[in-house]
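Me: Please take me through this model and tell me what stands behind each label. I would like the criteria along with the values.

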Amino acid sequence: MTTTITLTGAGGQIGYALLFRIAAGDLLGPDEKVRLRLLEIPQGLGAAEGAALELQDGAFGLLEHVEVTDDPAVGFDGCDLALLVGARPRGPGMERGDLLAANAGIFGPQGAAIAAHAADGVRVTVVGNPANTNALIAAASAGDVPAERFSALTRLDENRARAQLSETLAVPVDTVRRVPIWGNHSATQFPDVSHATVGGRPAAEALEAIVGDVPTWLDQTFIPRVAKRGAEIIRVRGSSSVASAANATIEHVRDWVRGTEEWTSAGVVSHGEYGVPEGLISSFPVRSVDGEWQIVEGLEVSDRARAHRRVGRRARRGARRGAIPRDALKGHRAGSEQGRMDAGGAR
Ligand SMILES: NC(=O)c1ccc[n+]([C@@H]2O[C@H](COP(=O)([O-])OP(=O)(O)OC[C@H]3O[C@@H](n4cnc5c(N)ncnc54)[C@H](O)[C@@H]3O)[C@@H](O)[C@H]2O)c1
């Protein structure tokens, strides 16, 4: 079998980090051949073509073909997996409305091109920020492709949360499970430790033994550290998160395709679960079963999570300039609410 993978923003930083891992089999395993389509804008074509030359020099046995293009019709032709990484960053002095309008101009046409040219079972992962809103715009523009085939990356935030817990508890990170992200990949996200387990046991007791006052630690240390980790990386490294974002993208897509036993987090379309308005794309605890994300239902939502959601709602009400341009959603009723949900700003 050969899987056709389309990567937008292939000439950018995350694109560069993703391509070689995909070609090496990290995404789909050592037996699955891949065909890569690198979609860029004209200014990014040189960097994407350079990456394609390096892919050739990598002599990857799994890589059947690489095509570089700035034409979405060619880029999404026969695409099984679309990784939408290229996005318009927020420039100096740019208002949120301008950012959303610029990204609507990217993700609307890409959604339409996916509907017209991609394979029937296409799965679309949106990484470019604001990821949840961009996923909604693409889904709303994608005609008959079900909205469930679009998801937004919040796995990086989950990984950051699990890593912080692992460091605090001095336990291996792979023993820390069930730390879902609710909401957005933005400052109003909520990393939720209330269901966390360490080695299969509830993390709460271990946390109390180490940090003492758990609620204060959550509010003053853990949640701000996770939510502001992107800014911390920029301060220390002098550049935004790249390899960790690429790694989270690989894990998100691999889990979606291959399935999960344990929970993870992804921005997926709401059918009203946990009171999130129907049609919004929001991060939930999810499992992947038979190639489809399923929201983990029936969880008790802690008072802290509820309080956080109230703060998020206040922020959304205050964000008067956050609505997605109406024509980008063709009357999609969740549109303006989604635009306000990303009020915390993309990182
Ligand atoms: N969801 C997450 O967890 C997460 C984490 C980190 C970064 N991000 C986001 O990922 C995106 C990419 O980050 P990066 O560091 O690679 O940025 P980058 O600026 O290095 O690369 C972006 C690339 O996208 C290309 N591009 C722009 N518009 C395009 C279009 N219409 N079609 C195809 N390509 C297009 C640009 O030419 C550029 O090469 C950013 O929006 C960033 O905020 C998301």
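Reply: The strands themselves (E, at least two residues) are DSSP runs, as are the helices (H or I, at least four residues), and both are numbered from the N terminus. This is a predicted model, in which local features need pLDDT of at least 70 and side-chain atom pairs count only at pLDDT 80 or more, while totals for chains, interfaces and linings use all residues. Residues are numbered from 1 along each chain as its sequence is written.

Me: How do you know that β12 and β13 pair, and in which sense do they run?

Reply: DSSP places 6 bridges between β12 and strand β13 (residues 281-289), and the definition asks for at least two, so the two strands pair. Their sense is antiparallel.

Me: What makes β13 and β14 a hairpin, and what is the phi of Asp 290 in the turn?

Reply: The pairing comes from 4 bridges between β13 and strand β14 (residues 292-295), again antiparallel. Arg 287 has Gln 294 in β14 as its bridge partner. The hairpin has 2 residues between its strands, and Asp 290 in the turn shows a positive phi of about 50°.

Me: Why is strand β12 described as enclosed by the rest of the structure?

Reply: That rests on burial: a residue is buried if 20 or more other C-beta atoms lie within 10 Å of its own, exposed if 12 or fewer, and partly exposed in between, with C-beta atoms placed from the backbone. In β12 (residues 264-269), 6 of the 6 residues are buried, so the strand is largely enclosed by the rest of the structure. Thr 264, Ala 266 and Val 268 point one way, Ser 265, Gly 267 and Val 269 the other, and all are buried. In a regular strand, side chains alternate between the two faces of the sheet.

Me: How many residues of helix α5 are buried?

Reply: For α5 (residues 131-140) the count is 10 of the 10, so this helix too is largely enclosed by the rest of the structure. Its buried residues include Asn 132, Asn 134, Leu 136 and Ile 137. In the loop between β5 (123-126) and α5 sits Pro 130, which is joined to Asn 129 by a cis peptide bond with omega about -10°. For the protein's 347 residues, 47% count as buried.

Me: Is Ala 170 buried or exposed, and how do you know?

Reply: Ala 170 has 8 other C-beta atoms within 10 Å; exposed means 12 or fewer, so Ala 170 is exposed. This residue lies in the loop between α6 (155-169) and β7 (176-177), and its phi is near 55°, a positive value in a residue other than glycine.

Me: And is Arg 178 buried or exposed?

Reply: Arg 178 has 21 C-beta neighbours inside 10 Å, and the threshold is 20 or more, so Arg 178 counts as buried. Arg 178 belongs to the loop between β7 and β8 (181-182), and also has a positive phi, about 55°, although it is not a glycine.

Me: Why does Arg 229 count as buried?

Reply: Arg 229 has 20 C-beta neighbours inside 10 Å; the rule says 20 or more, so Arg 229 counts as buried. The residue lies in helix α9 (residues 229-237).

Me: Which strands are the edge strands of the sheet that holds β7?

Reply: This open sheet has 3 strands in the order β7-β10-β11, with antiparallel pairing. β7 and β11 (201-202) are its edge strands, because each pairs on one side only. Between β7 and strand β10 (residues 197-198) there are 2 bridges, and at least two are required, so they pair. Arg 177 stands opposite Thr 197 in β10.

Me: What makes a set of residues a nonpolar core, and how many residues has the largest?

Reply: Such a core is a set of buried Ala, Val, Leu, Ile, Met, Phe, Trp, Tyr and Cys residues joined through C-beta atoms within 7 Å. The largest has 83 residues, and Leu 7, Ile 114 and Val 126 are among those with the most contacts inside it.
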